[in-house]
Amino acid sequence: IEQNKNLEAAMSPAYDFVNNFDLTELQIYQLLEGGQRRGIDSNKNIDFRHATCKWLADNWDFVARLVPQSHPRTFTEDPLLAAPITITALVISALALAVTSATAFLISGVPRCQSTTSTRILAFRKTAQIEFVRMLLLGQFFIPLGALLLASAPSKGTCIASVWLINVGYTLVLVPTLVRVSALIKVLQAGKKFRRVAVDKKKLVKTSVGISCIAAVFCAIWTGLDPMKPQEQLILTDETNDLGETIVGVSYYCKSESDAWFWIVFFWQGLLLASGSALAFQLRSAPKIVNDSNKLSFMLYSSFMFLVFRLALLVFSRSLLDDSVTKISLQMIESIFWSIDSIVNIFIYFYKFFLKDENSKEQARPGKFGYNNGQATPLLQQEEEETL
């Protein structure tokens, strides 16, 4: 309590009041004498009660000095949706959702206009393997949606849903890309030995979905054993209302009883990023047309930086002793981190490709042996066997 005065906000002042209440013999004599003089009730019970109440009224200044400081109090719920940081988090989350939806619309091939951008989109759909791109976009949609729920008024439903959306979404963003790049590296290594490798795309998709299900199973265990739910935080202020009552701010934030779940999440996300970094390193010497190492490295580096930011935010929130910053404000900052991370990854993975200035209009056309102009290209076939 000495380190965190806000803990006093939930305590009753009764103990301190009784502990400080000390009457002298003269004051006790005045109470007893007042009850005796009244002489109305034969049993004296009502007389002594009346004398006590009269004595308290006559000596109110003395009694008021015994009331602990900052009392009486009134509890006021903070206006969450009106806070600037909440508005910022909601706007950025909505922007991330809009960017992801627009990207999915473009990649879907619905726009049929004849332009350089549509040509690039068509080439992108052929080389990037649209099934994996769809899973990545689904994950990128889940993350800002979970961030939007984090920025909303906390409830048991929004707290649990944000955990599912963010963790499953984060896994869907990275795992399909890592599986695709891993298969590509396998094909390239076989190509160096002049061997043809058949890659079952359906198997790769099933592998991506299976690994992503690990995150869903973890979220199910988390929800079953220690679900995220709204926790109350009281902030003792120096402000008073018109009645002289000290205002105690009340806010709610999402939290589980144990922090072990959050550390497991950080470990899983760090493991995915480390695996991606290793694959990007192996892909660096691949032919340019299939070399995603630069794009993948930028994406992993960006995600790693935001992972560090979120980790620092968690450590900071758990180390606060005086509650000088409300937990809901830190939750809003976390929501902003998730949304910006999603927007940056979308830009790196998609829009950087669309905005790229191509000096040559010549398109890559895989030859008989999968080579064009001396560079290896992926063999695009209509059958089940495809190289990535």
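**Group meeting: a walk through the predicted model**

Buried here means under 20% relative accessible area, exposed means over 50%, and partly exposed is in between, with a 1.4 Å probe and protein chains only.

Before I go on, some ground rules. This is a predicted model, so to speak about local features I need pLDDT of at least 70, side-chain atom pairs count only at pLDDT 80 or more, and totals for chains, interfaces and linings use all residues. Residues are numbered from 1 along each chain as its sequence is written, and side-chain values use heavy atoms, with hydrogens and water left out.

Back to N167. You'll find N167 in helix α8, residues 156-192. Helices (H or I, at least four residues) and strands (E, at least two) are DSSP runs, numbered from the N terminus. What does N167 touch, once we ignore its neighbours within four places in sequence? The list is A215, C219, W222, V265 and Q269, where contact means heavy atoms within 4.5 Å.

Staying in α8, K156 is in that helix too. Skip the neighbours within four places in sequence, and K156 is in contact with M228 and P230. K156 and P227 are 71 residues apart in sequence, yet C-alpha to C-alpha they are 8.3 Å apart in space.

Now the helix pair. Helix α9 (residues 201-225) packs with helix α10 (residues 260-283) at an angle of about 175 degrees, and their axes are 12 Å apart. Those axes are lines fitted to C-alpha atoms, for helices over the stretch in contact, and angles run from 0 to 180 degrees between N-to-C directions. That makes α9 roughly antiparallel to α10; the cut-offs are under 35 degrees for roughly parallel, over 145 for roughly antiparallel, 65 to 115 for roughly perpendicular, and oblique for the rest. Who makes the contact? From α9 we have I211, I214, F218, I221, W222 and L225, and from α10 W261, F262, I264, V265 and W268. By class, the residues of that contact are 11 nonpolar, no polar and no charged. For the classes, Ala, Val, Leu, Ile, Met, Phe, Trp, Tyr, Cys and Pro count as nonpolar, Asp, Glu, Lys and Arg as charged, and the others, Gly among them, as polar.

On to the sheet. Three strands form an open sheet, in the order β1-β3-β2, with mixed pairing. β1 (73-77) and β2 stand at the edges with a single partner strand each, so one side of each has no neighbour in the sheet. The twist averages 30 degrees from one strand to the next. Two strands pair, by the way, if DSSP finds at least two bridges between them.

Strand by strand, then: β2 (residues 229-240) and β3 (residues 246-255) pair in the antiparallel sense over nine bridges. In β3, the bridge partner of L236 is V248, and that of K229 is K255. β2 and β3 make a hairpin with five residues between them, and G244 in the turn has a positive phi of about 85 degrees. On the other pairing, β1 and β3 run in the parallel sense over five bridges, and R73 has T246 as its bridge partner in β3. Is β3 enclosed or open? Nine of the 10 residues of β3 are buried, so β3 is largely enclosed by the rest of the structure.

N294 and I348 are 54 residues apart in sequence and 9.8 Å apart in space, C-alpha to C-alpha.

Last, the whole chain. The protein chain has 12 helices and five strands, and of its 388 residues, 41% count as buried. Among contacts with a separation of 6 or more, 75% are between residues 24 or more positions apart. The chain averages a pLDDT of 75, and 69% of the residues score at least 70; pLDDT is the predictor's confidence in each residue, from 0 to 100. Where does pLDDT stay under 50? One such stretch is residues 357-388, for which the model has 53 contacts beyond four places in sequence. Another is residues 113-117, with one contact beyond four places in sequence.
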